[in-house]
Amino acid sequence: MVPDVSRGSRTIGLLHYLYRTSDIEAHVDPHIVAAYDPFVPDPGRHPDAAFSDLAAELDQWVNALGDKAPKKHVWHCPVRTAPGDRHLSDDEWATVARRVLNATGIAPEGDDEACRWIAVRHAPDHIHIVATLVRADRTRPRHHKDGTRAQAECRKIENEFGLRQLKEGDGTAAKRPTSAERHKAERLGQEDASRELLLEHVHRALAGAADEDEFFDRLAAGGVRIHKRVAPSGDALGYKVAMPRDRNGDQEPIWFAGSTLSPDLSLPKIRKRFTHTTAEAEQPTPATPLSGSAPARARLFATGAAEDVLVAMTSADDGTVAAHMKGIGEVLDALAQTSHGNTGTELRNAARYFERATRSHIQARDAQMQALRRAARQIIHSGPALGRGPDGTATAMVLDILLLAAIAAARWHAARSHAQQAEASQRTAEHLRAAYSATAQAPMAVMHANGQRLPAPLQRRHTQTVLAVLPSDMAHRLQDEPGWPALAASLHEAEQVGRNAAELLRQAVDSRDLSTADSISDVLVWRLRRLVDLPTPVTMHHQPLAPAVAPTIPLPSQASARRR
């Protein structure tokens, strides 16, 4: 249940909107479900009731103050249930309205001098509470931190009404689209409200951008209208953006300042990211046997940068971790723009959720995110990646490490009681898990088959290596993982290029904690292949040692049983 407190200056204007059905299809049967006085005129139930009469009733104490009345005297609080919640009855919505008004101090229970108010319902999933901010005794209500108090009361109502339990906010979330903005998006045929689309456009343009010229060029290339506020010197002081088809009644663009979309997207804050960008960002990553293509090289560089960050997150100060998460957000935005099909869709959703995880009251040390910004830049400039071959393998590698980073971010936020950010990180992990599964399926299938083709003596040796190197709990987990044959195949490939399998596996295991991994074998496979720079896996059709009938690789537990 989501309350959204705002203030305005025209009671009658708001009333006209709440009751309007002629051009807003989502407004159905507007009517009052509760009010300070049960006999107030309701234009939704009484044909003779005029909006002017209802506005005059609500504004009575405001008008009595004359010039001393507050300029923004209209208190407006839509309250919406979460998607999937049941539809509340009018009586239940009336209870919600009274409890929110009591909690915020607008109309405390039993206070005969409280502000005048009504609650209007014009859709199944929400109401609008409207109050005027002058009490009958001509004083102002005590409604300090009314938004926070409304949120807290809604958490209690969710529990009591059996609704979806949302997380408490901390004031750092981007502003949600209003009902009017959502309905307008539907009329325009937009997938989302303009402010949501613009937020995504701005983040995508920012991902790895070297300076503000590149940032604005990318925005324009994405079809976004841009208006810069320019000083006499010619320097930009700020900016605002608009969707091309989103216009007001006068056919003027509806602009959103960057800081309106999100506090960290003001031009001064964006410039802080550019301040630390170095010429190193222009240097391409050298080709390797594994990478081959430019998109693959860019993704391999991102894998290394993200892996370093994952290690640092366990011991770095909060400001550094906050910067690392902003950098991970840029990498996700870059990957979403250069991936196709189901993987691209899942990455776009992951980037959207992680955007919420990057914002908290902790001040990020932007200088610490430059390796990830460089990675994002290389991904953007390398162009779209194929879903197969070296591109697919490199994408699976970077998604595997980003999934672990999202899980680590969820734990980090949870430890600091950042409830919404922790949940956003968890949702990010869900989408990254889906993207990884789609991308890794082909290369893992090849490595799985190659592992099954290994001769029995090699299979036993790699089993003994795993038992000797891995802690016992990890070894036992491996016996149930489908990725175990792929790990054996990777160990064999490493030996074929002259590497010691046991030392390499120990290096992979010791590099970082594996307790959060969904699949230990998958993580170790990609770690091994990156450490040795193994090429994209191909089916071993002509292995001279491969038997005609492929045996099954003995699992660690089976090998132990044979020795006993």
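The stops below concern salt bridges and their surroundings.

This is a predicted model, in which local features need pLDDT of at least 70 and side-chain atom pairs count only at pLDDT 80 or more, while totals for chains, interfaces and linings use all residues. Residues are numbered from 1 along each chain as its sequence is written, and side-chain values use heavy atoms, with hydrogens and water left out.

The structure holds 34 salt bridges (a side-chain nitrogen of Lys or Arg within 4 Å of a carboxyl oxygen of Asp or Glu). Helices (H or I, at least four residues) and strands (E, at least two) are DSSP runs numbered from the N terminus.

Select Arg80 and Asp125 to begin: their closest N and O atoms are 3.2 Å apart in a salt bridge. Arg80 belongs to strand β4 (residues 74–80), and Asp125 to the loop between β5 (117–123) and β6 (126–132), 45 residues apart. Arg80 is partly exposed at 25% relative accessible area (buried means under 20%, exposed over 50%, partly exposed in between, with a 1.4 Å probe and protein chains only).

Next, select Glu307 and Arg530, whose side chains form a salt bridge of 2.6 Å, N to O. This pair links helix α11 (residues 294–312) with helix α21 (residues 520–532), the two residues being 223 apart. Glu307 is buried at 6%, whereas Arg530 is partly exposed at 28%.

Finally, select Glu191, Asp192, Glu200, Arg204, Arg348 and Arg352, which salt bridges with shared partners join into one network. Within this selection, Glu191 and Arg348 meet in a salt bridge (3.2 Å, N to O). Glu191 is exposed at 59% relative accessibility, and Arg348 is partly exposed at 21%.
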